[in-house]
Amino acid sequence: MITTYEDEVVCAPRAGTLYDVLELILDRGMVIDVFVRVSLVGIEILKVDARIVVASVDTYLRFAEACNRLDLERDVRSKTVPELFGGPVAKAVGRTGARRTARSLTDKVRDVLAPPEQDLPEEDLPAEDLPAEDVRDGVRTPAGRERERRAARHQRRSPAARPGGEARPRARRRPAAEE
Amino acid sequence: MPTLAPPAVTGLGTLYVYGIAAAGVRAPRATGVAGSPVGLLTESGLCAAVSPAPERPRARRRDLLAHQAVLEELVAQGPVLPMRFAVLTPRPDALRAQLRSDAAHLKRQLDDIAGCVELNVKGTVVADCLAELVRRDEQLRTLALRARRRPGYDADVRLGEALAKAVRREARRAAREVLARLTPLAVRTADGPLDDGRVLSTSFLVRADDEPGFRREVAARARAHRDRLALGVTGPLPCYSFVEARPASRPAGR
């Protein structure tokens, strides 16, 4: 459950295809009464079930670990879960990363092509994520810019991002309220 | 008209049956189960794709693929009633008799699936929404905080189990939504087995013309739910799920 591996990832493409249709070939389709249908003893199949068994303590512990790595104070998306489980989750995150890079690249191309007085379209990121100097600067690499954006975001949120999560900020807040 | 009669068909002995189509199709060139050549046996306007049966049929990977490949070649030529894997007939004349007595019924089924393909959609649980669930769900949050304040095996197991349940519930909800969106695009549907991780397993009988639209919808749903449900489409397939398993109702019954 937790996470699933796409069959192509686990098996060769053809095996993936076969795995997906296995139950159909074996359990559906027509049977004719007068025909003999051999009993398939000891099915010698590559039934590679790569899915993680959900109801297992092992999975619970991994979930808990992933959850424990979340910063409950911050509005974050878990980046730790994919690392933990791999598979399509990691792939999805990889894709997101790639898209982000592509987007940055587009930004850069625009930076270069667009007349300087023309405003950048705002479809990509909220304005707050694009410091003015960043927009003007056409020299940095897309990856570098992305790193900086992340850093900027991190800085902005860092007061709440200290380790210790929930308990600490609350402890800080309380004295403030008392004052 | 290809009245192909390879040794398999004329010879005595058990035949492996792949599927039934309208008479007039070309014999599949694909190699059959156990490496045997595939021939056609024609009777009453129908023909069955057959090959000599292996002595002990087993669901070996290459045999399953061969079964599938033969059917796919037939499907490319028109509607086919696919047999389940490892359906055998003791003698060619038994098969002929079957085709003859059941011709009307079989032809009606061929008409029913004409121009259609089977698309199988499976959905499995993805846990990328875990952070969101913890944020949203007060109970999960409480468990998570408790596990942090008093770390330990039991707390982690309790937390993990609650998370697993929540993630699965999300996936099931998404699966229901997907099903509701896809069903109107299909002629018929057939549900398959579900389990802990597999929350969607349904075959759709889709008009061939509607396949691109169907796939687009699946892709759109997959994007919408990608942090909780992984969707995959397999097909177009022979219509395994949309033929009556037992067409040979007793001759007197009709």
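This is a predicted model: local features need pLDDT of at least 70, side-chain atom pairs count only at pLDDT 80 or more; totals for chains, interfaces and linings use all residues.
Buried, in these notes, means under 20% relative accessible area.

**Entry 1**

I looked up which residues of α3(B) are buried, and got Pro92(B), Ala94(B), Leu95(B), Gln98(B) and Leu99(B). Around the axis they cover an arc of only 160 degrees, which puts them on the same side of α3(B).

Next I went to α4(B), residues 103-113. Its buried residues are Ala103(B), His105(B), Leu106(B), Gln109(B), Leu110(B) and Ile113(B). Looking down the axis of α4(B), I find them within an arc of 165 degrees, so they line one face of the helix. Ala104(B) and Asp111(B), on the other side of α4(B), are exposed.

What do the buried residues of α4(B) pack against? I noted α3 (92-101), plus the strands β1 (15-22), β3 (46-52), β4 (80-89), β5 (116-125) and β7 (198-207), each in chain B. Just past the end of α4(B), Gly115(B) has a positive phi of about 75 degrees.

Ser44(B) has one, at about 55 degrees. Ser44(B) sits in the loop between β2 (39-43) and β3 of chain B. Is Ser44(B) buried, exposed or partly exposed? With a relative accessible area of 28%, Ser44(B) is partly exposed.

Ala86(B) is another non-glycine with a positive phi, about 70 degrees here. I found Ala86(B) in strand β4 of chain B. Ala86(B) has 0% relative accessibility, so it counts as buried.

I also wrote down a cis peptide bond between Gly235(B) and Pro236(B), with omega at about 0 degrees. Pro236(B) belongs to strand β8 of chain B, residues 229-237.

Two packed helices are described by the angle between their axes and the distance between the axes. I looked up both values for two helix pairs.

First pair: α6(B), residues 138-149, with α7(B). The angle is about 155 degrees and the axes are 9 Å apart. That makes α6(B) roughly antiparallel to α7(B), the cut-off being over 145 degrees. The crossing is left-handed. On the α6(B) side I listed Leu140(B), Leu143(B), Ala144(B) and Ala147(B). They meet Ala155(B), Asp156(B), Arg158(B), Leu159(B), Ala162(B), Leu163(B) and Ala166(B) of α7(B). By type, the residues in this contact come out as nine nonpolar, no polar and two charged.

What is the hand of the crossing of α7(B) and α8(B)? It is right-handed. Glu177(B), Val178(B), Arg181(B) and Leu182(B) come from α7(B), and they meet Phe214(B), Glu217(B), Val218(B) and Arg221(B) from α8(B). The contact of α7(B) with α8(B) holds four nonpolar, no polar and four charged residues.

**Entry 1: a spot where chain A touches chain B**

I clicked on Val57(A), which is in helix α3 of chain A, residues 57-68. Val57(A) is partly exposed, at a relative accessible area of 36%. Which residues does Val57(A) touch, not counting those up to four places away in sequence? I got Tyr153(B) and Val157(B).

**Entry 2: chain totals**

I left the overall numbers for last. Chain A has eight helices and one strand. Along the sequence, chain A runs α-α-β-α-α-α-α-α-α. Of its 179 residues, 39% count as buried. Among chain A contacts with a separation of 6 or more, 55% are between residues 24 or more positions apart.

Chain B has eight helices and eight strands. I noted 254 residues in chain B, with 55% of them counting as buried. For chain B contacts with a separation of 6 or more, residues 24 or more positions apart account for 75%.

Technical notes
Residues are numbered from 1 along each chain as its sequence is written. Chains are lettered from A and ligands numbered from 1 in the order in which they are written. Side-chain values use heavy atoms; hydrogens and water are left out. A crossing is left-handed if the near helix is turned anticlockwise from the far one by less than a right angle, and right-handed if clockwise. Helices (H or I, at least four residues) and strands (E, at least two) are DSSP runs, numbered from the N terminus. Contact means heavy atoms within 4.5 Å. Ala, Val, Leu, Ile, Met, Phe, Trp, Tyr, Cys and Pro count as nonpolar, Asp, Glu, Lys and Arg as charged, and the others, Gly among them, as polar. Buried means under 20% relative accessible area, exposed over 50%, partly exposed in between (1.4 Å probe, protein chains only). The arc is that of the directions from the helix axis to the C-beta atoms. Axes are lines fitted to C-alpha atoms, for helices over the stretch in contact, and angles run from 0 to 180 degrees between N-to-C directions. Angles under 35 degrees count as roughly parallel, over 145 as roughly antiparallel, 65 to 115 as roughly perpendicular and the rest as oblique.
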